[in-house]
Amino acid sequence: MPAPRLSFEFFPPHTLDASFRLWETVHALQPLRPEYVSVTYGAGGTTRELTHEAVTTIGRNYGLRVAAHLTCVDATRAETLEIADAYAEAGVRDIVALRGDAPKGADRFTPHPDGFANSVELVEALAATGKFNIAVGAYPEPHPEAADSRADVEWLKRKIDAGASRAITQFFFEAETFLRFRDACTKAGIDAPIVPGILPIISWEGARRFAERCNTHVPPRLEEAFTHAIRDGREDLLALTQCTVLCERLIEEGVDALHFYTLNRPQMTRNVCYALGIVPEVSLQNVA
């Protein structure tokens, strides 16, 4: 069975220490030959310049294909498209187009009066430029603002029809969650690739908080297993096993690409890839 294609998500650093951690993460994961890497965009556009700097630096210094996240939050249409143009001028051809989270302190997303109202409008505008390969988000479990899972499938179809070429899902803990969603998308006529988003668990408490914000179901058996593993000092071993088994199940069901949310901490992502039999590329110069 061929190894899956890989992609990794990073976030832009806010401090000098965080900068070192980002570059260490990129350096550690680059040998796994990712198809591309992506860089997130903070709520309310708070990391706009940092994202641009990280995207261009990774592309220039590491020779990786980089996808820049772009959202609709707190910017006019003209400002958002100016950011996209700046990426195009820097040689970036991949955009992850998202509505974006509400700014800090706000209960929910409110469009800028002169901005894009949602991700469909953003995708349409980016597609009209003809400059980008566009990816979008997908939700195998109902988005916190969605009426039900069917609404998420319908909304994804609108984004694909607007010009997106692939989708990356929110993370999930059980393979069947993704597989049911993939089947529903196929039934709805969505034929673009849907890549599962994988969250290697670095901290169970952190993963649970993240799941609560994203409306991701936490299986009781997993909660119980981590409770015992933390008590016995085996949290990392369980995290590695859980993520590896999840990925193996997806691969067995025909998934040929995995997108890892690295949280700028490479060790667990790298160990999962090793466990899947994905070996790093070694320069002959380094072993001569």
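Modeller: A crossing of two helices is called right-handed if the near helix is turned clockwise from the far one by less than a right angle, and left-handed if the turn is anticlockwise. In this model, which is predicted, the crossing of H6 and H9 is right-handed. Two packed helices are described by the angle between their axes and the distance between the axes. For helix H6, residues 175-187, and helix H9, residues 235-252, the axes come within 9 Å and cross at roughly 30 degrees. Angles under 35 degrees count as roughly parallel, and H6 is therefore roughly parallel to H9. On the H6 side the contact is made by Ala-175, Glu-176, Phe-178 and Leu-179, and on the H9 side by Leu-246, Arg-249 and Leu-250.

The largest nonpolar core has 64 residues, and Leu-250 is listed with Phe-8, Leu-126, Leu-156, Ile-198, Leu-258 and Phe-260 as touching the most other members. A second, separate core has 20 residues, including Tyr-36, Phe-226, Ala-239 and Met-268. Leu-156, in turn, shows what such a position looks like in detail: leaving aside residues up to four places away in sequence, Leu-156 touches Val-136, Gly-137, Ala-138, Ala-167, Phe-181, Cys-185, Ile-190 and Ile-194.

The loops complete the picture. Ala-164 is found in the loop between helix H5 (149-162) and strand S6 (166-171). With a relative accessible area of 8%, Ala-164 falls under the 20% limit and is therefore buried. Again leaving aside residues up to four places away in sequence, its contacts are Val-123, Ile-134, Val-136 and Lys-159. From Leu-16, Ala-164 is 148 residues away in sequence and 35 Å away in space, C-alpha to C-alpha.

Two further loop positions concern the backbone. Most residues other than glycine have a negative phi. Asn-215, however, has a positive phi near 65 degrees; Asn-215 is placed in the loop between helix H7 (204-214) and helix H8 (220-231), and counts as partly exposed at 40% relative accessibility. Leu-263 likewise has a positive phi, of about 55 degrees, although it is not a glycine. Leu-263 lies in the loop between strand S8 (257-261) and helix H10 (266-275), and is partly exposed, with a relative accessible area of 37%.

Note on methods. Residues numbered from 1 in each chain as written. Predicted model: local features only at pLDDT ≥ 70, side-chain atom pairs only at ≥ 80, totals over all residues. Heavy atoms only, no water. Core = buried A, V, L, I, M, F, W, Y, C linked by side-chain atoms within 4.5 Å. Buried < 20%, exposed > 50% of the residue type's maximum accessible area, 1.4 Å probe, protein only. Contact = heavy atoms within 4.5 Å. Axes fitted to C-alpha atoms, helices over the stretch in contact; angles between N-to-C directions. Helix = DSSP H or I, 4+ residues; strand = E, 2+ residues; numbered from the N terminus. Parallel < 35°, antiparallel > 145°, perpendicular 65-115°, else oblique.
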